[in-house]
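Please keep the model open while going through the points.

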Amino acid sequence: MEALRRLWMNADLHAVEVREIAVQRTFVDFEDFWTTSMMAIAAMAPGDAELLKMRMRARLPADVAGRITHDARANAIRGRVPK
């Protein structure tokens, strides 16, 4: 986050603010997670997408009902152009 702040400040932006946005989302099952995720990775080659799917399935544990809860973070930044 500090590197992001410095980058904007070095671009001569003022009143630079950064923050992390944390979210958690629960999916009905892995296929629900994967269908939603495919919107973001639709440009991947089919073989690469299938490999990613297998790896993600192995890394995302499901609860006893089959649901998958996934945490994610995004960095938000804003600044003003000097007048």
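1. A starting residue. Aspartate 32 counts as partly exposed because its relative accessibility is 26%, where buried means under 20% relative accessible area, exposed means over 50% and partly exposed lies in between (1.4 Å probe, protein chains only). Aspartate 32 has its place in helix α2, helices being DSSP runs of H or I with at least four residues and strands runs of E with at least two, both numbered from the N terminus. Between the C-alpha atoms of aspartate 32 and glycine 79, which are 47 residues apart along the chain, the separation is 37 Å.

2. Basis of the values. This is a predicted model, in which local features need pLDDT of at least 70 and side-chain atom pairs count only at pLDDT 80 or more, whereas totals for chains, interfaces and linings use all residues. Residues are numbered from 1 along each chain as its sequence is written, and side-chain values use heavy atoms, with hydrogens and water left out.

3. Overall architecture. The chain contains three helices and two strands, and from the N terminus on these elements run in the order α-β-α-α-β. The chain is more spread out than a compact globule, because its radius of gyration is 18 Å, well over the 12 Å that the globule rule gives for 83 residues; the radius is taken over C-alpha atoms, and the rule is 2.2 Å times the number of residues to the power 0.38. Taken along the principal axes, the box filled by the C-alpha atoms is roughly 55 × 30 × 20 Å.

4. Of the 83 residues of the chain, 14% count as buried. The chain exposes about 6600 Å², of which carbon and sulfur atoms supply 55%; accessible areas come from the Shrake-Rupley method with a 1.4 Å probe, and for residues only the protein chains shown count as cover. Among the contacts (heavy atoms within 4.5 Å) in the chain with a separation of 6 or more, 70% are between residues 24 or more positions apart.

5. The structure holds three aromatic pairs, for which the rings of Phe, Tyr and Trp (its six-membered ring) must have centres within 6.5 Å, planes under 30 degrees apart being called stacked, over 60 edge-to-face and the rest tilted. One of them joins phenylalanine 30 to phenylalanine 33 in a tilted arrangement, with 5.7 Å centre to centre and 45° between the planes.

6. One aromatic cluster is formed by Phe27, Phe30, Phe33 and Trp34.

7. Side chains of opposite charge can pair when their charged atoms come close. A search of the whole structure finds six salt bridges, each a side-chain nitrogen of Lys or Arg within 4 Å of a carboxyl oxygen of Asp or Glu. Among them is the one in which the side chains of glutamate 2 and arginine 5 meet at 3.4 Å, N to O. These two residues, glutamate 2 and arginine 5, are separated by about one helical turn because they are three residues apart in helix α1 (residues 2-10). Glutamate 2 is partly exposed at a relative accessible area of 44%, and arginine 5 is partly exposed at 25%.

8. Salt bridges: pairs between elements. Which residue forms a salt bridge with arginine 73? The partner is glutamate 20, the closest N and O atoms being 3.9 Å apart. This pair links distant parts of the chain, with arginine 73 in strand β2 (residues 68-80) and glutamate 20 in strand β1 (residues 14-27), 53 residues apart. Arginine 73 counts as exposed at 64% relative accessibility, whereas glutamate 20 counts as partly exposed at 46%.

9. Lysine 53 forms a salt bridge with glutamate 31, the closest N and O atoms being 3.4 Å apart. Because lysine 53 lies in helix α3 (residues 46-59) and glutamate 31 in helix α2, the pair ties together parts that are 22 residues apart in sequence. Lysine 53 is buried, with a relative accessible area of 16%, while glutamate 31 counts as partly exposed at 35% relative accessibility. Salt bridges that share partners join Glu31, Lys53 and Arg57 into one network.
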